[in-house]
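Dear colleague,

I am passing the structure below on to you, and my notes on the ligand and the pocket around it follow.

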Amino acid sequence: MALELDFSRKTVVVIGGTSGINRGVAECFAAHGARVAVASRNPTKVEESVAALAALGAEATGFSADVRDYEALQTGIHDVHARWGDFDVVVSGAAGNFPALSRDLSVNGFKSVVDIDLRGTFHVMKAIYPCLKKPGASVINISAPQALLPMQAQIHVCAAKAGVDMITRTLALEWGGLGVRINSVIPGPIDGTEGMARLAPDPATREQTAAGVPLGRLGTPADIGKACLFLGSDLAAYISGVVLPVDGGWVQNNCGGMSDHLGQLMAGSVGKG
Ligand code: NAP
Ligand code: COA
């Protein structure tokens, strides 16, 4: 039996959906019939992403907001809701990252990542709550392997993304009775992304990372998109509160030595990378 996921007449909102993995996720939903809204800080990126989604045949819209600015985020989300009605799927993936050993990381650098990744996720959850289809909505938080494993030069991301997964698990309790499911997806090392450019900046590290993935390759945004299609569909109707690595087995292999590499890399540098 061939399995076709059909998201026509479904509304999907992707926060941080204007580049990299999240944009790939947004395009996956668009290619499967959804109408898709994306949001991020940079209005040019928003405009380009909306055009790319429309080119796939989807009804598309977007707005620019910083997830740290609750009022701006809420206004954008409520505008999409006023236009399209209740949300079937929300993907929350806005994040910031850079490698820095804790000795070199300023208190504002730590705060900046926690503000975007963790407080930003709470802001998204709070703003979407009145707009979710109840029952029936599926919410997906994009987490990271740093939530499961400590990684050198990633203390800010480890702390923030572990918090993101606890938001997921707590809301699975609070929202389950309303018929709203919520899960986290943990992408592995995804080729061609800003995250990989920052954590594996040279070809040798990129190759070493790929070799550390039990399935033997780096991931693609479409790998994450397919997992999100599944979690957003009725195939996952009884799945909530799960933290799902989509990483070719990478976390089972301690993230393929990236932690040691980052520790060595940053120990050899002073200040900002
Ligand atoms: P990316 O291309 O930089 O994507 C980040 C997205 O979030 C962009 O659309 C960015 O657009 C937006 N954004 C950043 N800060 C924001 C803010 N303060 N408010 C609103 N939007 C904001 O990075 P990526 O590497 O694809 O990562 C995407 C997600 O996957 C992140 O959650 C990351 O933690 C996770 N992840 C990535 C990898 C990887 O291999 N790349 C691995 C594990 C997990 P603007 O610049 O316009 O704001
Ligand atoms: N190393 C150490 N500290 C750094 C740093 C680096 N590479 N980059 C930024 N910081 C520090 C800054 O020095 C500042 O601290 P200070 O005031 O004590 O000097 C603090 O972090 C905030 O920097 P700022 O540039 O003002 O933050 P921002 O809010 O404009 O941007 C970031 C947020 C830093 C996370 C930025 O990298 C970003 O926007 N990232 C989004 C894209 C991304 O990271 N994608 C990958 C996702 S996995």
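Which polar side-chain atom lies 2.9 Å from a nitrogen atom of ligand 1? That atom belongs to D66, and the pair is a polar contact (N or O atoms within 3.5 Å). Please bear in mind that this is a predicted model, in which local features need pLDDT of at least 70 and side-chain atom pairs count only at pLDDT 80 or more, while totals for chains, interfaces and linings use all residues. Residues are numbered from 1 along each chain as its sequence is written, chains are lettered from A and ligands numbered from 1 in the order in which they are written, and side-chain values use heavy atoms, with hydrogens and water left out.

The backbone takes part as well: a polar backbone atom of N42 is 3.0 Å from an oxygen atom of ligand 1, and a backbone N or O atom of I190 lies 2.9 Å from an oxygen atom of the ligand. Taken alone, ligand 1 exposes 880 Å², of which the protein buries 90% (Shrake-Rupley method, 1.4 Å probe).

Around ligand 1 there are 31 residues (a heavy atom within 4 Å), and those that come nearest are T18, S19, S40, R41 and T193.

Ligand 1 sits in the largest pocket, where sitting requires more than half of its atoms within 2 Å of the grid points, and a pocket is an open set of points on a 1 Å grid over the protein atoms alone, where a 1.4 Å probe fits, with protein on both sides within 12 Å along at least five of seven lines, lined by residues with an atom within 4 Å of a point. Of its 46 lining residues, G93, A95, G96, E194 and G195 are the closest to the centre.

Best wishes

Key. A polar contact is a pair of N or O atoms within 3.5 Å; within protein, one must be able to donate a hydrogen and the other to accept it, and residues adjacent in sequence count only if both atoms are side-chain atoms.
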